[in-house]
Amino acid sequence: MFFSQTSYNLDSFKSEFKSKIYNSSKEKLIQNISNKSYGFIRCLYEDDIKKIDDVCKKLMEFKSILFLGTGGSSLGGKTLVSLKSNYYKQDLKKNIFFIENIDEDSIVGLLNQINLDKTAVVIISKSGETIETLSQFFFIKKKMKKIKNLNERFFVITENKRSTLKSIQEEEKFNYIEHKPDIGGRYSIFSVVGLIPAKLAGVDIKKFRDGAISFLETLLIKKIKDFDNYFL
């Protein structure tokens, strides 16, 4: 606990702590990066771009796409989409919306402005039990209940395990995209969670991943010498 609370104030470390605790932790982190010990690093090397492209082709058939999720399930994708829409112009290929709360007024306000007959819905919950996301789904599904072939416009991203959302997906025969179990929400920007909305917005997702790989390789080439310049 001492290290985690003081690691951002290394100048205040006594020399013995700085050399022993800090350097050993730094070495371990470099080793974990080199070994791809983290799920969010392994996903950079996934051969799933074609799978993402296939999902996006289906979604591109719709005029508007709603992404349901909270926290890490939406923030990565929302950030990447904003890169294509915030530079004084709106050049998105599709109307992409992120519903991140359960405020009825704001959700109804959005639904009243779009054509639900031409809308797809992507539901994201790693655990499949996020109560806010499930509430969003049930509310929106009710609003869309009169639309034909409803199952074709719903896409579920969750872990491949027994959960409320996975059971709904199987029962309703919704489109399914697996959420890898070793990638937490805040680290999911390089996975399908972040890359699907990014692709829809026109981001070159292969170059995006390659850029992250290039950064990691730079760290490993420089090894320990310049590590502090990147993180402190």
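Is Glu-172 buried, partly exposed or exposed? Select Glu-172: the residue is partly exposed, with a relative accessible area of 31%. Here buried means under 20% relative accessible area, exposed means over 50%, and partly exposed lies in between (1.4 Å probe, protein chains only).

Before going on, note that this is a predicted model, in which local features need pLDDT of at least 70, side-chain atom pairs count only at pLDDT 80 or more, and totals for chains, interfaces and linings use all residues. Residues are numbered from 1 along each chain as its sequence is written, and side-chain values use heavy atoms, leaving out hydrogens and water.

**Stop 1: Glu-172 and Lys-141**

Glu-172 forms a salt bridge with Lys-141, with the closest N and O atoms 3.8 Å apart. A salt bridge is a side-chain nitrogen of Lys or Arg within 4 Å of a carboxyl oxygen of Asp or Glu. Glu-172 sits in helix H8 (residues 164-172) and Lys-141 in helix H7 (residues 131-143), so the pair ties together parts 31 residues apart in sequence. Helices (H or I, at least four residues) and strands (E, at least two) are DSSP runs, numbered from the N terminus. Lys-141 is also partly exposed, at 24%.

Now select Arg-162, Lys-166 and Glu-170. Salt bridges with shared partners join these residues into one network.

**Stop 2: strands S4 and S5**

Show strand S4 (residues 154-158) with S5; they pair in the parallel sense over four bridges. Strands count as paired if DSSP finds at least two bridges between them. Pick Val-156: the bridge partner in S5 is Tyr-176. Follow the chain from S4 through H8 to S5: this β-α-β crossover is right-handed. That is, with the strands pointing away from the viewer, the path from the first strand over the helix to the second runs clockwise.

Color S5 by face. Asn-175 and Ile-177 make up the covered face, Tyr-176 and Glu-178 the uncovered one.

**Stop 3: Arg-42 and Asp-182**

Select both. Their side chains meet in a salt bridge (2.4 Å, N to O). Arg-42 is in helix H3 (residues 39-42), while Asp-182 is in the loop between strand S5 (175-178) and helix H9 (192-201), 140 residues apart. Arg-42 is partly exposed at 34%, and Asp-182 is partly exposed at 38%.

**Stop 4: Asp-48 and Arg-209**

Move to this salt bridge, 2.7 Å from N to O. Asp-48 lies in the loop between H3 and helix H4 (49-59) and Arg-209 in helix H10 (residues 205-222), so the pair ties together parts 161 residues apart in sequence. Asp-48 is buried at 10%. Arg-209 is buried at 3%.

How many salt bridges does a search of the whole structure find? Eleven.
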